[in-house]
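Please prepare a briefing on the structure shown below.

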Amino acid sequence: QYTSEQTQNITLHLCSIEGKLISHIHEGSTEKDVVQQYEWDTSTLPAGMYLLRLSTPTEVINQKLVLIK
């Protein structure tokens, strides 16, 4: 989940732990104070560590994820 402090364009990507792009989850506008939720299909991904990268015009936030199958 993500809530933006302002209306802005964002990109949300899933990357390998080494930083290689795996999937574009969302690219576009988000509204101020609206909770955003995104889902993606992980059936083709192996278990392991991944990075979820949220980019806004002013910052980049990386979150480590562990996919367990």
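This is a predicted model: local features need pLDDT of at least 70, side-chain atom pairs count only at pLDDT 80 or more; totals for chains, interfaces and linings use all residues.

Residues are numbered from 1 along each chain as its sequence is written, and side-chain values use heavy atoms, with hydrogens and water left out. The protein has six strands and zero helices; both are DSSP runs numbered from the N terminus, helices being H or I of at least four residues and strands E of at least two.

**Overall fold**

- Along the sequence, the elements follow the pattern β-β-β-β-β-β.
- Taken along the principal axes, the box filled by the C-alpha atoms is roughly 35 × 20 × 15 Å.
- Of the 69 residues in the protein, 30% are buried; buried means under 20% relative accessible area, exposed over 50% and partly exposed in between, with a 1.4 Å probe and protein chains only.
- Among contacts (heavy atoms within 4.5 Å) between residues at least 6 apart in sequence, 50% join residues at least 24 apart.

**Strand pairing**

- Strands β2 and β3 run antiparallel and are joined by eight bridges; two strands are taken to pair if DSSP finds at least two bridges between them.
- Cysteine 15 stands opposite leucine 21 of β3.
- The hairpin of β2 and β3 has four residues between the strands, and glycine 19 in its turn has a positive phi of about 100 degrees.
- Strands β5 and β6 are also antiparallel, with eight bridges joining them, and a hairpin connects β5 to β6 through four residues.
- Leucine 54 has isoleucine 61, in β6, as its bridge partner.

**Nonpolar core**

- The largest nonpolar core comprises ten residues, namely Tyr2, Ile10, Leu12, Leu14, Ile25, Leu45, Tyr50, Leu52, Leu54 and Leu67.
- The elements giving two or more residues to this core are β2 and β5.
- Such a core is a set of buried Ala, Val, Leu, Ile, Met, Phe, Trp, Tyr and Cys residues joined through side-chain atoms within 4.5 Å.
- Not counting residues up to four places away in sequence, leucine 14 touches ten-member-core residues including Ile25, Leu45 and Tyr50, and its contacts also include Trp40 and Leu65.

**Largest pocket**

- The largest pocket holds about 260 Å³ of space.
- Its lining has 13 residues, of which Gln1, Tyr2, Leu12, Leu52 and Leu54 lie nearest the centre.
- Strands β2 (8–16), β5 (48–55) and β6 (60–67) each give two or more residues to the lining, and β6 gives the most, with three.
- By class, the lining has nine nonpolar, four polar and no charged residues.

**Exposed residues**

- Aspartate 33 is found in the loop between β3 (21–30) and β4 (35–36), and its relative accessibility of 57% places it among exposed residues.
- Although aspartate 33 is not a glycine, it has a positive phi of about 60 degrees.
- Isoleucine 68 lies in the segment after β6 and is exposed, with a relative accessible area of 71%.
- In soluble globular proteins, nonpolar side chains tend to be buried together.
- Isoleucine 68 and proline 46 are 22 residues apart in sequence, and their C-alpha atoms are 8.5 Å apart in space.

Technical notes: On a 1 Å grid over the protein atoms alone, a cavity is a set of points where a 1.4 Å probe fits but cannot get out, and a pocket is an open set with protein on both sides within 12 Å along at least five of seven lines; lining residues have an atom within 4 Å of a point. Grid points are joined across faces, edges and corners, and a volume is the space filled by probe spheres set on the points. Ala, Val, Leu, Ile, Met, Phe, Trp, Tyr, Cys and Pro count as nonpolar, Asp, Glu, Lys and Arg as charged, and the others, Gly among them, as polar.
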